[in-house]
Amino acid sequence: MISKRPRIFYGWLIVFVSAIGLFLGPPLMIFSFSVFFKSLVVDFHASRAAVSFAFSLFNTVGALLIPCIGMLIDRFGAKRVILLFTLLYGLGLCSALWVGSALWQLYLLFAMLGVAMASGPSPVPYGVVIAHWFNRHRGLALGLSMMGIGVGSVVVPILTQRLIAGFGWRAAFAIFGGAVVLVPLPVLAALLQNDPGQRGLQADGDEKSPVSQLQPQEQGLTWHEIWHSPEFWTLICIFSLAGASVHGAALHMSAIFTDRGVSAERAAVATSLVGIAVMLGRVTSGYLLDRLFAPRVAILFYGATALGIAILCVGTSGPFALVASFLVGLGMGAEVESMAYMITRYFGLSAFGTAYGHAFGAFMLSGAAGVFLMGAGYDRFHSYAVPLAGLGGAMVLALVLLARLGPYRYGAEANLPHQPIEPMEVPSGA
């Protein structure tokens with residue numbers, strides 16, 4: 001009998017669609033904020049601190065909401081949540097046309113966008129989808145889907161600058177909003193599926209998969225069990241420490257270089273190296289996650305970041321400083337997919353949306369704290385040396401915690417032949 005199974009697994013199309021959905025999310029609101037910044041300061045006749053608060057509000061609202069979104073995903077499926085909030089995100093961007101000159105209106109706009117983006121074009125809902133479609137190739141699939149953010153972080157800021165120069169910041173927001181509604185939204189509605197079972201397939205395209213023989217709700221611990229698991233809180237600490245360190249160093253990279261007498265052009269090269277390393281880190285870490293024990297992969301990339309921070313801490317401004325910026329970017333590229341991957345391996349898929357939402361929310365808040373502490377440390381000591389030393393210490397602590405993690409509960413056995421798979425102990429009161 002001739003098999004009618006398609007040559008290319010539909011899950012890889014899901015990866016591509018996910019990358020499209022993420023392209024105008026974080027790249028626009030996070031990586032392009034600095035492009036909007038001066039236009040907002042001038043237009044609202046506000047201080048830099050007042051305008052910066054808009055981004056802080058956006059980030060905080062999103063971080064606090066993501067755990068709730070994870071619960072909605074576990075109950076109603078990721079596709080419904082993605083479609084609804086992607087539509088709201090696009091309409092929210094378009095609503096910038098009606099923002100007046102009052103600063104509170106800017107705050108309201110960014111708060112609304114924080115709600116919409118945390119639930120639509122963010123890594124959490126797409127990570128849930130990818131985790132259901134892939135088991136043996138889950139790491140690579142997560143890394144490739146997050147490339148939408150990586151490519152967008154290079155392309156979208158350039159487009160943003162041109163749109164602001166030609167039409168103003170309000171119109172730039174509205175144009176991107178129209179693009180979200182007209183391009184990703186229809187593609188997502190037509191092609192995105194929550195899991196391979198909706199198309200009569202198995203995870204990874206296998207005819208038989210030990211993991212996928214179970215229904216999604218049977219593949220993992222309940223949220224109550226996860227919440228009472230020591231491994232979950234260890235992972236939260238790891239992600240928080242790494243998020244604060246990586247974001248604190250990366251988002252102050254240009255200032256670190258210029259404060260040492262480096263030209264603005266060379267500082268821009270350092271920032272570009274961070275972006276290149278982020279994209280390389282996403283694909284490479286994803287590939288390795290499918291072949292090696294995930295904490296070891298995280299130790300490799302986070303160790304590179306710790307080394308990069310140490311180089312920056314000693315005050316060098318030559319070629320080694322450029323190497324340091326690249327090393328910091330590697331850790332930044334590996335963080336999101338390694339977070340999602342380890343949560344699925346230690347706790348399964350039944351409450352993955354809720355668990356990932358809480359972890360990602362903690363990661364966002366710690367990242368914002370790391371950026372703030374770097375700035376506050378510079379104001380206090382008139383140098384980045386002390387705050388960089390603190391970030392380096394936090395990264396070393398994250399490495400120690402990673403080294404203490406035990407074996408998976410829900411492992412990809414075929415790709416981890418030397419990794420024993422043993423049940424995790426769950427507290428008796430869970």
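Reply: Arg282 and Glu337 are both buried, where buried means under 20% relative accessible area, exposed over 50% and partly exposed in between, with a 1.4 Å probe and protein chains only. Their side chains meet in a salt bridge, 3.2 Å from N to O; the term stands for a side-chain nitrogen of Lys or Arg within 4 Å of a carboxyl oxygen of Asp or Glu. Arg282 belongs to helix α15 (residues 264-289) and Glu337 to helix α17, so the pair ties together parts that are 55 residues apart in sequence. Helices here are DSSP runs (H or I, at least four residues), numbered from the N terminus.

A word on the ground rules: this is a predicted model, in which local features need pLDDT of at least 70 and side-chain atom pairs count only at pLDDT 80 or more, while totals for chains, interfaces and linings use all residues. Residues are numbered from 1 along each chain as its sequence is written, and side-chain values use heavy atoms, with hydrogens and water left out.

Now look at Glu335, which is also found in helix α17. Glu335 is buried but has no salt bridge, and its nearest side chain of opposite charge is Arg282, 5.7 Å away. For charges, Lys and Arg count as positive and Asp and Glu as negative, whereas His and the chain ends are not counted. Leaving aside neighbours within four places in sequence, Glu335 is in contact (heavy atoms within 4.5 Å) with Val246, His247, Tyr302 and Phe363.

The nonpolar surroundings come next. A nonpolar core is a set of buried Ala, Val, Leu, Ile, Met, Phe, Trp, Tyr and Cys residues joined through side-chain atoms within 4.5 Å. The largest one has 97 residues, of which Phe257, Met342, Ile343, Tyr356 and Phe360 touch the most other members. Helix α17 (residues 319-347) gives the most to this core, 16 residues. If you zoom in on Ile343, you will find Phe239, Gly348, Phe352, Ala355, Tyr356 and Ala359 touching it, not counting residues up to four places away in sequence. Another core lies apart from this one; it has 34 residues, including Ala50, Ala54, Ile164 and Phe173.

Back to the charges: the whole structure holds 2 salt bridges. Besides the pair described above, Asp43 forms one with Arg170, and the closest N and O atoms are 2.8 Å apart. Asp43 sits in helix α3 (residues 33-44) and Arg170 in helix α10, so this pair ties together parts that are 127 residues apart in sequence. Asp43 has a relative accessible area of 28%, which makes it partly exposed.

The C-alpha atoms of Leu182 and Gly90 are separated by 9.1 Å, although the two are 92 residues apart along the chain.

Finally, two histidines are worth a glance. Most residues other than glycine have a negative phi. His45, however, has a positive phi of about 50°; it lies in the loop between α3 and α4 (48-76) and is exposed at 74% relative accessibility. His382 has a positive phi of about 55°, and its place is in the loop between α18 (352-381) and α19 (385-403). With a relative accessible area of 65%, His382 is exposed.
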